[in-house]
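Hi,

Here is the structure for you to look through. My notes on it follow below.

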Amino acid sequence: MAAAAAAAASATAAISGALLPHAVACHRLPPRPQLLAVSSSFRRLSLTASPRRASRLVPRADASAEAGEPEPAAEAEAEAVAASTDAEVEEGEAEAAVAVAEEEQEEEDEPPPPSKPPVKFGEIIGILNKQFIEEAEKVKTLPDLRPGDIIELRMQRPNKRRLSLFKGIIIAKHKSGVHTTIRVRRIIAGVGVEITFPIYSPRIKEIKVIRHKKVRRAKLYYLKHKLPRFSTFK
Amino acid sequence: MAAFLRSKCSSVGRTLMGGLGNNLFGAVNSSVETVSRPSHCDPIFQQIRTFIQMRTNLKVVDNSGAKRVMCIQSLRGKKGARLGDTIIGSVKEAQPRGKVKKGDVVYGVVVRAAMKRGRNDGSEIQFDDNAIVLVNNKGELIGTRVFGPVPHELRKKKHLKILALAEHIV
């Protein structure tokens, strides 16, 4: 009996247009149509209105009213709200069309955007260097080579199957991107031999660091004037 | 005593001359003397790293009997000879009872050069001294042995006999 009385009270309140406090808290005004700019290209901007349909709000007085069917008065009010939102959407679309026309005129007047500055030749060389170095490092892993390292280097001779071996001390390293070179010195049969190798060359199959001699110079050219035993390796 | 001082002075003078020029005046001294002298005066290490041209002194690294040859004509190019080229030289020092004697004009193939020589694979090779192997005017070897390392570029120059007799090929 009490539930029926409460339902009747809520119906009369809805008809009179006075919403209860908890119904006011739940009620939201329909949002205004927003203009979304979707840039298909630099020249043309297609502007479309995206109206959000306002969900039909029914003032609810009690949980028991949910279970029952909505009354005809509440339905009529909801239809009126929906009609008003449709009218607002149509007005928004008209405004959007006007705005699109104005923006197209402005874009025609504006000069085209400036082109990107050209890539310099030095930058291209740097990019290519990085690419070649990455490809070379995929094939073989290079150790950290420093002057003073005693290395064993295996290289492929042209028209030869077996790898030739060269062992010596690094007396200089010249960093030049993909053409980074090391100069290796060794005494062979009492004669000093210095060979400069490009370390990223595909002919060089393996570089192995045997040990490191403690040095305090970046270039060990003084070894030419030292005794042969400083450059002799078994 | 005077003779002793005179010999000392002469050896010092020879060492200094050897250090100044691109030649090997002191190269044939004994090993004890070489070690006792300061290393920067050793003429083997005082090579000017350039072309082998007229008046360049070269070490002979075969058993033909010559010890030192002075270049008098380069048969390759305007500037001078490089690794693998043929030169004409005059024998400046020779062993007794050798196949050649002092003053002979001989042909020789440069088997080691102090100047850098690039290779096809991007590497470069250089030696600490200038050395030749004596050949006759047909290109045949006078000696029967070759000492020390030789580069494999001689194969391209058709000096296969030198490569066959060499101790090391680099």
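**What I found**

Lys158(B) is exposed, at 67% relative accessibility. Here buried means under 20% relative accessible area, exposed means over 50%, and partly exposed lies in between (1.4 Å probe, protein chains only). Lys158(B) also has a positive phi of about 70°, although it is not a glycine. It sits in the loop between strand 8 (149-150) and helix 3 (160-165) of chain B. Helices (H or I, at least four residues) and strands (E, at least two) are DSSP runs, numbered from the N terminus.

Some ground rules. This is a predicted model, in which local features need pLDDT of at least 70 and side-chain atom pairs count only at pLDDT 80 or more, while totals for chains, interfaces and linings use all residues. Residues are numbered from 1 along each chain as its sequence is written, chains are lettered from A and ligands numbered from 1 in the order in which they are written, and side-chain values use heavy atoms, with hydrogens and water left out.

Ala189(A) is not a glycine either, yet it has a positive phi of about 55°. Its place is the loop between strand 5 and strand 6 (191-198) of chain A. Ala189(A) is partly exposed, at 40% relative accessibility. For background, most residues other than glycine have a negative phi.

**Chain A and the sheet**

Chain A has five helices and seven strands. Along the sequence they follow the pattern α-α-β-β-α-α-α-β-β-β-β-β. Of its 234 residues, 26% are buried.

Which strands make up the open sheet? There are seven, in the order 7(A)-3(A)-4(A)-5(A)-6(A)-6(B)-5(B), with antiparallel pairing. Strand 7 (204-212) of chain A and strand 5 (117-118) of chain B stand at the edges; each has a single partner strand, so one side of each is left without a neighbour in the sheet. Two strands pair if DSSP finds at least two bridges between them.

Strand 3 (residues 149-156) and strand 4 (residues 163-174) of chain A run antiparallel and are joined by seven bridges. Met155(A) has Ser164(A) as its bridge partner. Glu152(A) is partnered by Lys167(A).

Strand 4 of chain A is also joined to strand 5 (residues 181-188) of chain A, by five bridges, again antiparallel. Here Ile169(A) is the bridge partner of Arg185(A). The hairpin of these two strands has six residues between them, and Gly177(A) takes a positive phi near 65° there.

**Where the chains meet**

The contact takes 22 residues from chain B and 19 from chain A. Contact means heavy atoms within 4.5 Å. About 1,800 Å² is buried between the chains, and carbon and sulfur atoms give 53% of that. Buried area is the accessible area (1.4 Å probe) that two parts lose on being put together, summed over both.

How many salt bridges are there between chain B and chain A? The count is one. Arg185(A) and Asp128(B) form it through their side chains (2.7 Å, N to O). A salt bridge is a side-chain nitrogen of Lys or Arg within 4 Å of a carboxyl oxygen of Asp or Glu.

**Salt bridges within the chains**

Over all chains the count comes to twelve salt bridges. Glu206(A) pairs with Arg154(A), with the closest N and O atoms 3.6 Å apart. Glu206(A) lies in strand 7 of chain A and Arg154(A) in strand 3 of chain A, so the pair ties together parts that are 52 residues apart in sequence. Glu206(A) is partly exposed, at 35% relative accessibility. Arg154(A) is partly exposed too, at 29%.

In chain B, the side chains of Glu93(B) and Arg68(B) meet in a salt bridge (3.2 Å, N to O). Glu93(B) is in strand 3 of chain B and Arg68(B) in strand 2 (residues 66-74) of chain B, 25 residues apart. Arg68(B) is buried, with a relative accessible area of 7%.

Arg119(B) forms a salt bridge with Glu153(B), the closest N and O atoms being 2.6 Å apart. These two are 34 residues apart in the chain. Arg119(B) is buried at 11%, and Glu153(B) is buried at 18%.

Best wishes
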